[in-house]
Amino acid sequence: MAILSLPVFCQSSESTSSLTCWDTRRGGTFQTRHARSPVSKSSNGSAYADVSAEASTDSGQAQFCKNRVQLFYAKDNKNYKVIYEKAGLDDQGVGIRLIGWSPDGTQLLMELLVWGYDIDRDVVKSALLLDGSTEQVRELPLSDAFEHVFGKDCEFDSAVVGWQGNERVLIRVGKTPATARYQQTFCVEKPTIYSFNLREGKIQDGKP
């Protein structure tokens, strides 16, 4: 019989993006863990993220970990409610990083991260945007936007940097880690910052 320890509560914003059931990705003490981000406040409300990594074992004592992300929002900074949730598949990690509100305080920029515990694959990242007025969360179409810039058969790693005014989001693009599993075709030779226009849904420029 597997006995799971009580959740470990952690206040680190970094842990909400990379929380696992182990002390490291696949090593150390195995147990259910829990992390909560600091509250991100604006003139139009406040939000925080809550992440859980649920530990379980099968009859053969194989270890499995499954993550879940929840985003809480309160217009009055007091009465929080869940407005976004992402549950991982079996043995799948999910994390989130709250980057910050737009200068006018109306939209919260976040980065969602998804990875598999059972296979060796890269972390898949996506950019999310919370509209404080509608309480709706949407994913930014960055893949389609970069495909128009780089083409289809091109590989890159991206990370959300932050805001450029109220209508643009900055994305850092660089090389993915080298691998022998397949032939890689890179899009960029050195890290470059690109600007994504929210209104037009397009990449506007890149600056190494």
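Colour the chain by pLDDT to begin: this is a predicted model, with a mean pLDDT of 86 for the chain. Of its residues, 89% reach 70 or more. Then select residues 1-14, where pLDDT stays under 50. The model has 21 contacts beyond four places in sequence for that segment.

**The whole chain**

Switch to a cartoon view. The secondary structure comes to 2 helices and 14 strands. The chain has 208 residues, and buried residues make up 45% of them. Among contacts with a separation of 6 or more, 48% are between residues 24 or more positions apart.

**The disulfide**

A search of the whole structure finds 1 disulfide. The angle about the S-S bond is 80 degrees, and the link is right-handed.

Which parts of the chain does this pair tie together? Cys21 lies in the loop between α1 (15-18) and β2 (33-36), and Cys65 lies in strand β5, so the link joins parts that are 44 residues apart in sequence. Are the two cysteines buried or exposed? Cys21 is buried, at 0% relative accessible area. Cys65 also counts as buried, at 1% relative accessibility.

Thr32 counts as buried, with a relative accessibility of 16%, since the cut-off for buried is under 20%.

**The largest nonpolar core**

Next, select Leu71, Ile96, Met110, Leu130 and Val137. These are the residues with the most contacts inside the largest nonpolar core, which has 30 residues. The elements that give two or more residues to this core are β4 (45-57), β5 (63-74), β6 (81-87), β7 (92-101), β8 (107-116) and β9 (124-131). Colour β8 separately; this strand gives the most to the core, with 6 residues. In soluble globular proteins, nonpolar side chains tend to be buried together.

Centre the view on Leu71. What is Leu71 in contact with, leaving aside its neighbours within four places in sequence? Its contacts are Ala47, Tyr48, Ala49, Lys81, Val82, Ile83, Tyr84, Leu98, Met110, Leu130 and Val137.

A second, separate core has 19 residues, including Ala127, Leu129, Leu142 and Phe150.

**Leu140 and helix α2**

Select Leu140, in the loop between β10 (136-139) and α2. Leu140 is buried, with a relative accessible area of 3%. Leaving aside neighbours within four places in sequence, Leu140 is in contact with Leu109, Ala127, Leu129, Val169, Phe196 and Leu198. To check one of these, draw a distance between the C-alpha atoms of Leu140 and Leu109: they are 31 residues apart along the chain and separated by 9.9 Å.

Move on to helix α2, residues 142-150. Its residues Leu142, Ala145, Phe146 and Phe150 are buried. Turn the view to look down the axis of α2: the buried residues fall within an arc of 120 degrees, so they line one face of the helix. Just after the helix, select Gly151, which takes a positive phi of about 95 degrees.

Asn77 is not a glycine, yet has a positive phi of about 65 degrees. Its relative accessibility is 36%, and Asn77 counts as partly exposed.

The other stop is Asp91, found in the loop between β6 and β7. Asp91 has a positive phi of about 60 degrees, although it is not a glycine. Is Asp91 buried or exposed? At 8% relative accessibility, Asp91 counts as buried.

Methods: Residues are numbered from 1 along each chain as its sequence is written. Side-chain values use heavy atoms; hydrogens and water are left out. A nonpolar core is a set of buried Ala, Val, Leu, Ile, Met, Phe, Trp, Tyr and Cys residues joined through side-chain atoms within 4.5 Å. Buried means under 20% relative accessible area, exposed over 50%, partly exposed in between (1.4 Å probe, protein chains only). Helices (H or I, at least four residues) and strands (E, at least two) are DSSP runs, numbered from the N terminus. Contact means heavy atoms within 4.5 Å. The arc is that of the directions from the helix axis to the C-beta atoms. A disulfide is a pair of cysteine sulfur atoms within 2.5 Å. pLDDT is the predictor's confidence in each residue, from 0 to 100.
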